[in-house]
Structures are given as structure tokens and as C-alpha cells.
Amino acid sequence: MSTFDNPFDPDRNLRAGCACGQHQSAAEHEQATALRCDPVESEEKRYEGVVASAVMRAMFPQDVARRAFLKSVGASTALAALSQFFPLQTATEVFAQAGAPEKKDLKVGFIPITCATPIIMAAPLGFYAKHGLNVDVVKTAGWAVIRDKTINKEYDAAHMLAPMPLAISLGLGANAIPFAVPAIENINGQGIVLASKHKDKRDPKDWKGMKFAIPFDYSMHNYLLRYYLAEHGIDPDADVQLRSVPPPEMVANLRADNIDGFLAPDNICQRAIYDGVGFMHLLSKEIWDGHPCCSFAASREFITTAPNSFAALTRAIVDATAYASKAENRKQIAEAIAPANYINAPVTVLEQVLTGTYADGLGGVKTDEKRVDFDPFPWQSFAVWMLTQMKRWGQIKGDVDYKAVAEQVYLATDTRKLMTEMGLAPPAGSYKSFAVMGKTFDPAKPEDYLAGFKIRKAS
Amino acid sequence: MTSSLRVRAGLVSIVLLVAFLGVWHLAVRSTAPVATMSPEYAKLMGLTATQGKSAMPGPLDVGAKLWEHVRRPFYDNGPNDKGLGIQLGYSIARVGAGYLLAVLVAIPLGFLIGMSPLLSKALDPFIQVLKPISPLAWMPLALYTIKDSSISAIFVIFICSIWPMLLNTVFGVASVRKEWINVARTLEVGTIRRAFTVILPAAAPTILTGMRISIGIAWLVIVAAEMLVGGTGIGYFVWNEWNNLSITNVIIAILLIGVVGMLLDQILARFTRMVTFPE
């Protein structure tokens, strides 16, 4: 949650676990600080805070020095002292008026799954309106259609699978059109569900000959399932069958015994359990904790022709994501996005997904607060990892300039700037190393990483 | 006698309907044994899992849901949730637009081809190749080139409903009785006048039969097209409810699609009767 830290809070530091050290767990700490995290009462107050935070950071670039100063005099005294020699009032007004959007009425496409939570909830909970936009969120029939409608400019921006903007920019499965990702929609939030009859086949080594469904070829679902199978010695191209199936049909196919399991976005997983046709074999976070799932994407053309609209849109999404990242808001969000206009699913299902207290399909109730989580920062190392997998499974042939593609598509720098303006604390770097099933990925050496896999298609 | 036949047929229809509903109702009763589960777990599960309720809805569920829809057919809760009346309206408007375009193209063109043996032979291979193409095969191409999903849907309706009309018009025009044309020729009637006063009335029943086949095809296609592009329309409604795995609503949509299709067909049938003449 480091992204959403409050830089004004002198009690926060970068230690792991509970941030202040006074609570047993991070959850408990959040409970205690929940009051302070609540949204401010008015727009002016929020802008004031943002500007003051920016000034504060400029005056004390060193975190330690700033904290020491705040601790010694207290935040309100510090602000009062600050306004003596800096026109905070004027600066706030300037900030609030900055960049009126070129185009206010926008259309954003989404696929009805919980991954689209920030995009969807921003409409009923008023995040678009708050940033001066009038956005229609339009439900779309499938990933290929959402791609075509965004390319055709029917949509100004859209919910896409995290690898899709990379694929479109590279011209895989479509004409090459430069796309960009200013924000990751959600992290984690997928799962492997097996048909109830496979209750005893929990070891993937026994899965030879089974049929699995994934939603789209250029998806984290595809890469994670392939990765998981390959780590267990199953060649996803030879030993099992992987089929591209639209998510709602996955549940029906599982019921009809046409497939043995699927790796799908979350409310579909929970729906299969809710309907009593399958069980949760494992959450995708157990493969890679904190992996990106879906992204918020727009074409480069839209960004250059309407930069202020794009910035306002990104702010609204980042704002909504910050709201969604808090556990105490999740129930309200589940109710807001469940109606037919949005996801069109039973509230119980969405609540189980978003709160992380869920029935596992085997008779047990499990709790994992991070089952779905939200952090908008578009790490460029995520993009590099996806490119290695595209190459691993033969979707990209030949040499790839990993870094160049990642930096062109994943707009970490711009997002960092926007987040700083909003008073959030984005990470300093754009690349981070992470572990997928215990294997560490070093974004600086993608080719070495790729060479380390025994099962792969790439030559 | 006729009226008694009608009454008897009506009675048989009702008996069949009742029998069908009865079998349906019995077939989807909950029969599966209810698994034992902790109450905490049961709260998180759906009725199928907890009460052994069949995944298929029964006629009573469908009836109740249908009543709900019929009571408020025109509500509008934003871009993705509109009443069934509005959805059907969108579909009918799309079918109407595509179909009218097809009429405007197919009938004059069919006339031309029917009156000229040369054109008829020359265009035949094209028509034969284009005619059997499935409507949905056109969809990606349309979406890609037209770059507008709603016009693409109209285009697909157009391209699919044009062939029966064209072929029937050609056939109708080409098979007007030679004697009538010869009489017109003897009376030195001009080509245009001959087309409107002799050929058109003679070919009208065949042309309208083609139009009747076309409207049926157009209505078949719109559901599939809207399922693919989404947005609005009865096809979108089916897709949206399928997404929600709500079979009840899918059944209601199927019922309504059938009723509207029948009405459209009846309208064209009435027109056909109007232009039919005894020989």
C-alpha cells in the first residue's frame, strides 16, 4: 500500500509489516488509522492538502529531515509557518483550475468482471464527475470487440487485459497502433478453478490430457496458467488443451463437463463455486503475489489530442483505485457495481471476491484480504515480464527491445507525476524485481530469465 | 364447420401448451440431494448448491420474471441497463434500417437483372458466391472497415437480407408471362411504362415473397449481431443475461424474439395477400 501513503503523516515509515510498529498487523494498523484516511470533506481542502504537500516535499526533499521537522513542531504549526512565506492559497487555486479537459463527454469500455472495478465504480460513486468529466461506461461483449472499438475511436479509453496494449502496440493480433497504459486496474484477482469431480487431483502433474479455458491469448490468465503448468512439468502446448473461451461460457462449460478447469478473472471463479460446479484450486496470487491483471488503456492519439481529458481520466481512475484499495470500502463497492447496468452479478459473489472472505467450493470458508487488490502504478518491469512470456510462448518472434516497448506503453513517469500532484506517494523507480513461484525476475536481464525456462516454445 | 375446426385446433393448442409447461415444471424440480454444509458456508453459496435447486428455471420462475419485465418495459438505468421494450425498439430500428436499404437496392437491381438476360448471366456467379455467406462472417470485416459498431450491425442486416429479395425479384420479373409482354409490345407501350404497368404487378407476389423471407433472415441475424457487438438491442440483452448466467431472462428473451419475428412475418404476409391476384 506504499503508493497511497500520506507524506504528511510523520508516523509512517518504510518498515515492513505495521507501518507505525504499534499494532500487531498491518490490518489492525489500518483499522486504527482508517479515520485519518477518510476522504476530506471538500475539494478545496483536498487541493490545499495536495499543494501543501508538494511545497513541503520541495522544501524538505529528504524524507528523514521532513519527518523530523514535522515531529518537532507538529503538522498544523508547520503548515501555518509555511503559509507565512509561500502563497498557499493562490497556489491551490491555480492547481484546482489547471488544465480544463478538452473533451468532457467520454466513453470508456469495460468487460463485466471485477477486474474493471475502478473503471466501473468511478461512475456510480462519482469519481469521474469529481474530476470534471462526464463518462459513460459501456459494457462490451469481448476482448477482441473492446480492442476494435477502442482502435475505431468509439471508446476514448478502455479496460484491457494488462498485456493487450503491449500486443496492440506491437501489432500482434491487430494492426500496430501505439497504445499506452497510465494505470493498472487491479492486481491479483484471478484463480484456477477445477470441476468438482477433480477434487482429488490437486497435483498438476496429474493434469495431462485435461482441457482448460482462458479468456484471451494476450492475457495474464494465459501466461500465468502456462507458467504454472510448465513449472510442474506439463507442456501447455502438448500435454493439455488450452482454449480461448469467454468467461460466462466457462461456468456453463464446466457444468456441462466440456472443460476440466479454467484460469479466469475472479467473479467468474467465485460464480462457478456459487453455482456449485467447481472449486478453487488456487488463487493466482499464490503464483505471483501482486501480479497485474487488467489495465486501463488509451491510444497515443487520444493522449496527444486530449491531454487534459486523459490526465483527468487517469486522476479519476487513480483516485477510484485508491478508494478501492481500502478494505473497509469493499462492501460498498460490491453493492455499487453489482446491478445490471454494471457487472450484473449477485452481490454475494462480488462481496466474496472483493472482501476476500469466500467459500472455496470444498466446504470451507477462506479469508484472504489481498485476493483482489488495487494499486494503479504501471510498473515497467511488469511489461518486461509479459514480453518475456510472449516470446516464451512464440507470440513474438525474433529480438525484442524489452525496455523500449515497456517504456513506450507503460506510462510510469507520467503516472508518477500525476500521483505526486494528487498528493499520493508513487514509488521512485519504474522497475522492480519480483518473484513468480519462487523464481526471482530481474527486469534488467530478460533474456537470461527467458533462457532459464526448460519448457518453452521460443527458439 | 370451419369455426368448429378452429375451436378444436385452439383446444388442442392449449392442451399441448399445458402439457409442455407441466413437463417442464416437473423436469426442473429440485431433485438433487442437499449436501450438508455449515451455515456460514451455505450463506456464501447459491440456491443450486444449497437447496439443490435446478440450474434450469421452471415455468413459474419465468412467468414471474416476465411479468416484472412487462410491467416496466421502458425503464432506463444508464447505458447498459434498459427495459426490454427499449431493447426490442433498438433491434427493430436496426432491422428496419438494414432491411429498407436492402429493399432499395435489391428490387431495382433485381428488375434490371430480370429484364436483361445478359446481366442475369454476368452477375450470377457473384450472387451465387455471396449468397451463402453466414451473416456473422461479415461482422469482423464490417467492424474493421466501417469502424462503427451500430452501422456495422445495420450493414450485416443489409447484406444478409438482400439476397432472397434480389433472387425472387429476378425470378418474378423473368417469369412474367410472355403473352402479356407481347401484348404490351403490340400496343407499343414504352419500356418504363411496361415495367410499371405490366411487369411490376405481375411480379409483385414473388417479390413480396422474397421480402418476407428476407425479414425473417434479418430478424434472425440481428440477435447474433448484437450479441457480438454489444451495446443495445435484444441480442445484447441475451448476452448480458448470459453473462449473469440468468437462464430465466434468456428464456424470456427467446420468447419475445419469437413473438416479434412472428409479427414481422405476419405484416409481410398481409402485404403479400394484398398484391396477389387470381389468374
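In what order do the six strands of the open sheet in chain A run, and what is the pairing?

Analyst: This is a predicted model, so every value below is computed from predicted coordinates. The open sheet of chain A has six strands, in the order β2-β1-β3-β10-β4-β13. Its pairing is mixed. The edges are β2(A), residues 134–139, and β13(A), residues 372–373. Each of these two strands pairs on one side only. Strands of a sheet pair through backbone hydrogen bonds, and they may do so parallel or antiparallel. Both senses can be followed here, strand by strand.

Take the parallel case. β1(A) covers residues 105–110, and β3(A) covers residues 157–161. Two bridges join them, and the strands run parallel. Within this pair, V108(A) faces A157(A) of β3(A).

The loop between α8(A), residues 143–151, and β3(A) holds K153(A). The phi of K153(A) is near 65°, a positive value in a residue that is not glycine. Most residues other than glycine have a negative phi. K153(A) is also exposed, because its relative accessible area of 55% is over the 50% cut-off.

Now the antiparallel case. β4(A) spans residues 179–188. On one side, β4(A) pairs with β10(A), residues 292–299, over six bridges in the antiparallel sense. I187(A) stands opposite P292(A) of β10(A). β4(A) is also joined to β13(A), by two bridges, and these strands again run antiparallel. There N188(A) lies opposite V372(A) of β13(A).

How enclosed is β4(A)? Ten of its ten residues are buried, so the strand is largely enclosed by the rest of the structure.

N188(A) counts as buried because its relative accessibility of 2% is under the 20% cut-off. K153(A) belongs to a loop, while N188(A) belongs to a strand.

One more buried residue is worth a look, in another strand. H281(A) lies in β9(A), residues 278–283. With a relative accessibility of 9%, H281(A) counts as buried. Leaving aside neighbours within four places in sequence, H281(A) contacts I192(A), V193(A), L194(A), R202(A), W207(A) and Y228(A).

Last, the wider setting: the contact between the two chains. Chain A gives 40 residues to this contact, and chain B gives 32. The area buried between the chains is about 2,900 Å². Carbon and sulfur atoms give 53% of that area. Between the chains there are 19 residue pairs in polar contact, both residues at pLDDT 80 or more.

On the chain B side, the elements that give two or more residues are α2(B) (39–42), α3(B) (47–51), α7(B) (135–146), α10(B) (191–229) and α11(B) (234–243). α11(B) provides the largest share, six residues. By type, the chain B side that touches chain A divides into 15 nonpolar, eleven polar and six charged residues.

Technical notes: Residues are numbered from 1 along each chain as its sequence is written. Chains are lettered from A and ligands numbered from 1 in the order in which they are written. This is a predicted model: local features need pLDDT of at least 70, side-chain atom pairs count only at pLDDT 80 or more; totals for chains, interfaces and linings use all residues. Side-chain values use heavy atoms; hydrogens and water are left out. Contact means heavy atoms within 4.5 Å. Buried area is the accessible area (1.4 Å probe) that two parts lose on being put together, summed over both. A polar contact is a pair of N or O atoms within 3.5 Å; within protein, one must be able to donate a hydrogen and the other to accept it, and residues adjacent in sequence count only if both atoms are side-chain atoms. Helices (H or I, at least four residues) and strands (E, at least two) are DSSP runs, numbered from the N terminus. Ala, Val, Leu, Ile, Met, Phe, Trp, Tyr, Cys and Pro count as nonpolar, Asp, Glu, Lys and Arg as charged, and the others, Gly among them, as polar. Two strands pair if DSSP finds at least two bridges between them. Buried means under 20% relative accessible area, exposed over 50%, partly exposed in between (1.4 Å probe, protein chains only).
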